Amino acid sequence: MLIDETKYIWSKWQQPAFTDNETWGMVSATSVHEVEGTDYSAYHALDENADTHWESSEGVIDVQFIWHFEKPLKIYRIELVNKPTGNIHITKSVEVYADEEMTEPLLTGEFPAESKGRCNMEPAQPFSCDCLVLHLTADAESGVKYVGLTEIHIIAEIGQEKTVLLPFINTTENMDYISNGYNDDGTFTTEGLDGFLFNGVVANPMYISSNHWIGFGTNAEQLRILRRDGCSTAIYRQRGETTNGLQFLKIRFEGYTAYNNRADETRLIFELFLLSNNDMFLNVIQTPTNAGYLGTSDLICGGTTTPLALSDGSGGGTQVSFYHEDDGGRTWNIIYAMYEETDTYSFAYLVRQTDSFYTYADGALEEVPIENLTAAMFLKYGFEEIPPAEILTPIDNVQMYLWKAGGTEELLKANVKAYPYPQVLDAVADMSHISILGIKIMTAEYSGDVTVSISVDNGQTYSEDMPLGEWLNTDVKELYESLSEDKRLLLRFTLHDNAAISRFKITYIN
């Protein structure tokens, strides 16, 4: 069925070669030809063997091929190869559905009347689903007896369910006591979360002070939450797992910011989550209403003390998400919001020269058969590492294309030593994705005399060259609105007299 793609993180998917009907998810067909000595099982349409295929029983020419995925897919293109035949016993048409009830066709296609004919289908926008149903039919009047497929190839991204912490916040359900009762100036230890790192150190054990500070594998004040000479009345812990399998350690603190004034005006309740992806989430539930008892709040890590705004004296709380920016947990991106696992986006490069496109693999450029440059072609043929300068510089009028599935930035990078000068570099910023609403800012890193000309009409005309520094001050709203319907900005950078450009970046409005 179709699914809500916003609940998932998407990344590039590589279709596996099937060895049975349950290699990745489960495949089946409403009809399978059973004959001694030959196997026509459904999975043979996915085994990457051109000499095998799935085939229906004799006379059954209205069949469904059903694939329940192991994880959701966002589908950009479906490529089908018909069954082999020496006559007319082949599939004629196909309808694509996302449910076994075949509620609404998402794609339709026709096969050429030939053995192993190809039918390729691309939706106008990719669709996300957990099941795919191919409804295959043939022409009974022409004497067709069988339908089937030699190959099914899907170009897609795979979805990983996002982390949802809401069921575990502001509750003591399923939690165990670390300390149960009043404590002044005590420090308690508890087992940490396997593999979690803070400031390059394994955060085990965890230290929790009744003066409301946390130490991550070190008996030191590293996370201070309204730190004062306070007290705790209860400290809890919980090891758990979110619906997507992410492990967490939750610590809940209940107490006061003044050990000798245990009243609502000094009340403090908070919860800290350590996550197995090395992020953290702090849920401050209740804070003092007396501004004289707010104490100190900060994160001390990597030799840096970062102040935290956790209370304003109103008694309310706040939520803070800490997203790790390096493997050792030494630097953190701090966002005052409910934790939402950071999205990742598929991206890919392609090289173009005149009317030919090239991928880069095994240290060389290789021409690929692209007629229409779509997102599916980037997923199928694109590469993620820019080739070294010695690969690109011998090519006349080389163009580098970058596609990204989403996000707020489009980043074009090139490390090129251009000899002789001047050297011309072409780039394309494709803003046709439905999520892109405009341009926020444009920046570049370069040295020397670099000029730029642009085309807003898909290369039909280019503007006159102007210094890159001046052009970066262009009115970005006016620039975006001047683009043609396909929303592609073509840029031509010219490097003069030992000039260099290492980065050009467009930040989008989404």
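This briefing walks through aromatic contacts, charges over rings and salt bridges in the structure above. The model is a predicted one. A search of the whole structure turns up 25 aromatic pairs, and a search for salt bridges finds 15.

**Aromatic rings**
- One aromatic cluster is formed by Trp13, Phe18, Trp24, Trp67 and Phe69.

**Charges over rings**
- Lysine 487 places its charged end over the ring of tyrosine 480, 4.3 Å from the centre.
- Arginine 267 lies over the face of tyrosine 256, at 4.8 Å from the ring centre.

**Salt bridges around arginine 224**
- Arginine 224 meets glutamate 221 in a salt bridge of 3.2 Å, N to O; glutamate 221 is partly exposed, at 24% relative accessible area.
- Arginine 224 also forms a salt bridge with aspartate 298, with the closest N and O atoms 2.9 Å apart.
- This second pair links distant parts of the chain: arginine 224 is in strand 18 (residues 223-227) and aspartate 298 in strand 23 (residues 296-301), 74 residues apart.
- Aspartate 298 counts as buried because its relative accessibility is 5%, under the 20% cut-off.

**Other salt bridges**
- Aspartate 426 and arginine 492 form a salt bridge, their closest N and O atoms being 2.8 Å apart.
- Aspartate 426 lies in strand 32 (residues 423-430) and arginine 492 in strand 35, 66 residues apart.
- Aspartate 426 is buried at 8% relative accessibility, whereas arginine 492 is partly exposed at 27%.

Key:
Residues are numbered from 1 along each chain as its sequence is written. This is a predicted model: local features need pLDDT of at least 70, side-chain atom pairs count only at pLDDT 80 or more; totals for chains, interfaces and linings use all residues. Side-chain values use heavy atoms; hydrogens and water are left out. Rings of Phe, Tyr and Trp (its six-membered ring) pair if their centres lie within 6.5 Å; planes under 30 degrees apart count as stacked, over 60 as edge-to-face and the rest as tilted. A charge sits over a ring if NZ of Lys or CZ of Arg is within 6 Å of the ring centre and within 35 degrees of the ring normal. A salt bridge is a side-chain nitrogen of Lys or Arg within 4 Å of a carboxyl oxygen of Asp or Glu. Buried means under 20% relative accessible area, exposed over 50%, partly exposed in between (1.4 Å probe, protein chains only). Helices (H or I, at least four residues) and strands (E, at least two) are DSSP runs, numbered from the N terminus.
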